[in-house]
Amino acid sequence: MAHATQISAQVSASAKALLDEYSAVSGIKKSRIVEDALWFYVCSRQELPESAIVPARLVVSERGAAAVEQRLAQPPQATSALARLMRTLESPDED
Amino acid sequence: MAKPAIRRLLAGDDSSAFRCGDPEYDLFLQRYAGQNQDRLFVGTTYAALDGPRVVGYVTVAVCQIDREDIPRQARPGLPRYPLPVLRLARLAVDEAFQGRGLGGRLAAYAFAVALEVRAAAGCIGVVVDALPTRVGFYADLGFIELDLASGHSPIRPQPVAMFLPLSSVAAAQR
């Protein structure tokens, strides 16, 4: 590793255990794993920007939870606009 | 004029000329939608096609609704486990095809996909990331605004997250 320098970082115990275990199993030095992982991470973020990723977890506030709960407990009737919209799938041939 | 057919985006589909009026949506389709779908499996895009040309698209992803971590005694109501939903994250129509109802058909197609997901794997509702100018359209369909603590769309200007239970969509199909 040309021009190597030292870094220090606080990581979770599980991340440290993963690093130790992978290094022991693969025989690759921890410094090499960290360096490669960093490059992979930065390159992947450049390849796929933040704006292209859909967050998979929506955390609702208490107010939001109450609204969802109410809708699930008493689902609203389909509005006429929704019924019309779904019918657009039934005649796909012509505008 | 024949309506554009809607189906899952394929690698050979031509999106090079797609222009919806927002370059960020054009770029997503042309550069990231395919890899999100076929390499990372984090979202699926359904394309409306005029011949080989993509003239509209809708991107959906399986997500979950969870509630803020609050004291257990104050948590009646919503179950503690996450609720699976289909998130309609992006919808765009080429400028030449705008005003013909294609956006609505793409939304309806995504809702029909959500019903299939419900039958195949479980799904309780649809969440749309509605552009601020489209909030009224989704409200007319029965959607309500979701008060999110986190998990907002990264798109700018920030869309409004809105929710509709799938039982309403199923009722609309009867």
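Helices α2(B) and α4(B) stand roughly perpendicular to each other, because their axes, which come within 10 Å, cross at roughly 110°. The model is a predicted one, and everything that follows should be read as a description of that prediction. The crossing of α2(B) and α4(B) is left-handed. On the α2(B) side, the residues that meet the other helix are B:Phe111, B:Ala114, B:Leu115 and B:Arg118, while α4(B) answers with B:Leu166, B:Val169 and B:Ala170. Sorted by class, the residues of this contact comprise 6 nonpolar and 1 charged, with no polar residue among them.

The crossing of α4(A) and α4(B) is right-handed, whereas that of α2(B) and α4(B) is left-handed. Chain A contributes A:Leu82, A:Ala83 and A:Met86 to this contact, and chain B contributes B:Ser168, B:Ala172 and B:Gln173. The class count for the contact of α4(A) with α4(B) is 4 nonpolar and 2 polar residues, with no charged residue.

Of the 95 residues in chain A, 13% are buried. The contact between the chains takes 39 residues from chain A and 54 residues from chain B. Several elements of chain B each supply at least two residues to the side that touches chain A, including α1 (23-38), β3 (53-67), β4 (83-93), α2 (102-120) and α4 (166-173). Helix α2(B) provides the largest share of that side, namely 7 residues. By class, the side of chain B that touches chain A holds 31 nonpolar, 13 polar and 10 charged residues.

B:Ile124 sits in the loop between α2 and β5 (125-130) of chain B. With 19 other C-beta atoms within 10 Å, B:Ile124 counts as partly exposed, since a residue is called buried when 20 or more such atoms lie within that distance. Leaving aside residues up to four places away in sequence, B:Ile124 touches A:Leu72 of the other chain, and within its own chain B:Leu83, B:Pro84, B:Val85, B:Pro165 and B:Leu166. Of these, B:Leu166 is also one of the α4(B) residues that meet α2(B). From B:Ile124 to B:Tyr138 the separation is 14 residues in sequence and 17 Å in space, C-alpha to C-alpha.

The strands complete the picture. In β4(B), 10 of the 11 residues are buried, so this strand is largely enclosed by the rest of the structure. Strand β4(B) pairs with β3(B) in the antiparallel sense over 10 bridges, and B:Val58 has B:Leu91 in β4(B) as its bridge partner. Strand β4(B) also pairs with β5(B), here in the parallel sense over 4 bridges, with B:Arg87 standing opposite B:Val127 in β5(B). Chain A joins through its strand β1 (residues 57-60), which pairs with β3(B) in the parallel sense over 4 bridges, and A:Val59 stands opposite B:Asp66 in β3(B).

One residue of β3(B) shows how these strands come together. B:Cys63, which lies in strand β3 of chain B, is buried, with 22 other C-beta atoms within 10 Å. Not counting residues up to four places away in sequence, B:Cys63 touches A:Ala56, A:Arg57 and A:Leu58 from chain A, together with B:Val85, B:Arg87 and B:Val127 from chain B. B:Cys63 and B:Pro84 are 21 residues apart in sequence, yet their C-alpha atoms are 5.9 Å apart in space. B:Pro84, like B:Val85, is also among the residues that B:Ile124 touches.

The peptide bond from B:Arg156 to B:Pro157 is cis, with omega near -5°.

Notes
Residues numbered from 1 in each chain as written. Chains lettered and ligands numbered in written order. Predicted model: local features only at pLDDT ≥ 70, side-chain atom pairs only at ≥ 80, totals over all residues. Buried ≥ 20, exposed ≤ 12 C-beta atoms within 10 Å, placed from the backbone. Contact = placed C-beta atoms within 7 Å. Nonpolar A, V, L, I, M, F, W, Y, C, P; charged D, E, K, R; others polar. Pairing = 2+ DSSP bridges. Axes fitted to C-alpha atoms, helices over the stretch in contact; angles between N-to-C directions. Parallel < 35°, antiparallel > 145°, perpendicular 65-115°, else oblique. Left-handed = near helix turned anticlockwise from the far one by under 90°.
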